[in-house]
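Hi,

Here is the structure I promised to pass on. Please have it open while you read, and my notes on what turned up follow below.

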Amino acid sequence: MVKRMQTMNIKRQSGMTLIGFVIVLSFVIFLSFIGMKIGPIYLEYYGVVSAMDGVANERGSAQLSPYQIRVRVLNRLYVSYSADNVKEKHIKLVRSNGVNLRIAYEVRKPVIGNLDVVAKFDRTVRLSN
């Protein structure tokens, strides 16, 4: 009777097969690879956002000349190692309802073979008086 109860409690093991494990592993590796290509693009963008906010929050930044504003933004970008894709031609000053600082740029990075990732960024902040 004891032996019979022990055999009744034994369940059939279930789990992932080797083929299933290889498929899941390849999917995780692919997502990690894509993340390593796209992650630095967004880290650079957050550096640009930080530089723009820093310049916008400086007292009297609206009275500075366009050249001085560009220099301040580019200096902040160089310090944060975010100046790879943002050039001076991407920095614009728009004078409507105050002075607005606008940076619009595009990043293109190869992923696999002839496939590229394209990211467009466009951000505007108002400069303080």
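First, a word on confidence. This is a predicted model, and the mean pLDDT of the protein chain is 88, with 92% of the residues scoring at least 70. The element with the lowest mean is helix α1, residues 2–9, at 58, while strand β3, residues 115–126, has the highest at 94. Where pLDDT is low, the predicted coordinates should not be read in detail.

**Helix α3**

Let's begin with α3, which covers residues 66–79. From first C-alpha to last, its 14 residues reach 20 Å, close to the 20 Å expected at 1.5 Å a residue. Which of its residues are buried? They are Ile69, Val73, Leu74 and Leu77. Viewed down the axis of α3, the buried residues fall within an arc of 125°, so they line one face of the helix. The general rule behind such a pattern is that an α-helix has 3.6 residues a turn, so residues three or four places apart point the same way. The cover over the buried residues of α3 includes α2 (18–57), β1 and β2. Tyr67, Tyr78 and Val79 lie on the other side of α3 and are exposed. After the helix comes Tyr81, with a positive phi near 55°.

**The strands and their turns**

Next, the strands. β2 and β3 run antiparallel and are joined by 12 bridges. Within this pairing, Ala104 has Asp122 of β3 opposite it. The hairpin formed by β2 and β3 has two residues between the strands, and Gly113 in this hairpin takes a positive phi near 60°.

Asn97 also has a positive phi, near 55°, and is not a glycine. For context, most residues other than glycine have a negative phi. Where does Asn97 sit? Its place is the loop between β1 (91–95) and β2 (99–112). Asn97 has a relative accessible area of 69%, above the 50% cut-off, and therefore counts as exposed.

**The aromatic rings**

The structure holds four aromatic pairs. One of them joins Tyr42 and Phe121 edge-to-face, with 5.5 Å from centre to centre and 90° between the planes. This pair links distant parts of the chain, since Tyr42 belongs to helix α2 and Phe121 to strand β3, 79 residues apart. Phe121 counts as buried because its relative accessibility of 8% is under 20%.

Phe121 also pairs with Tyr45: the ring centres are 4.5 Å apart and the planes are at 15°, so this pair is stacked. Here too, distant parts of the chain are linked, with Tyr45 in helix α2 and Phe121 in strand β3, 76 residues apart. Both Tyr45 and Phe121 are buried. Ring pairs gather Tyr42, Tyr45, Tyr46, Tyr105 and Phe121 into a cluster.

**A proline in α2**

One last item is Pro40, which lies in helix α2. Its relative accessibility is 41%, so Pro40 counts as partly exposed. The C-alpha atoms of Pro40 and Ser80 are separated by 13 Å, and these two residues are 40 apart along the chain.

Technical notes:
Residues numbered from 1 in each chain as written. Predicted model: local features only at pLDDT ≥ 70, side-chain atom pairs only at ≥ 80, totals over all residues. Heavy atoms only, no water. pLDDT = per-residue confidence, 0-100. Helix = DSSP H or I, 4+ residues; strand = E, 2+ residues; numbered from the N terminus. Buried < 20%, exposed > 50% of the residue type's maximum accessible area, 1.4 Å probe, protein only. Expected span 1.5 Å × (residues − 1). Arc of directions from axis to C-beta. Contact = heavy atoms within 4.5 Å. Pairing = 2+ DSSP bridges. Phe/Tyr/Trp six-rings, centres within 6.5 Å; stacked < 30°, edge-to-face > 60°.
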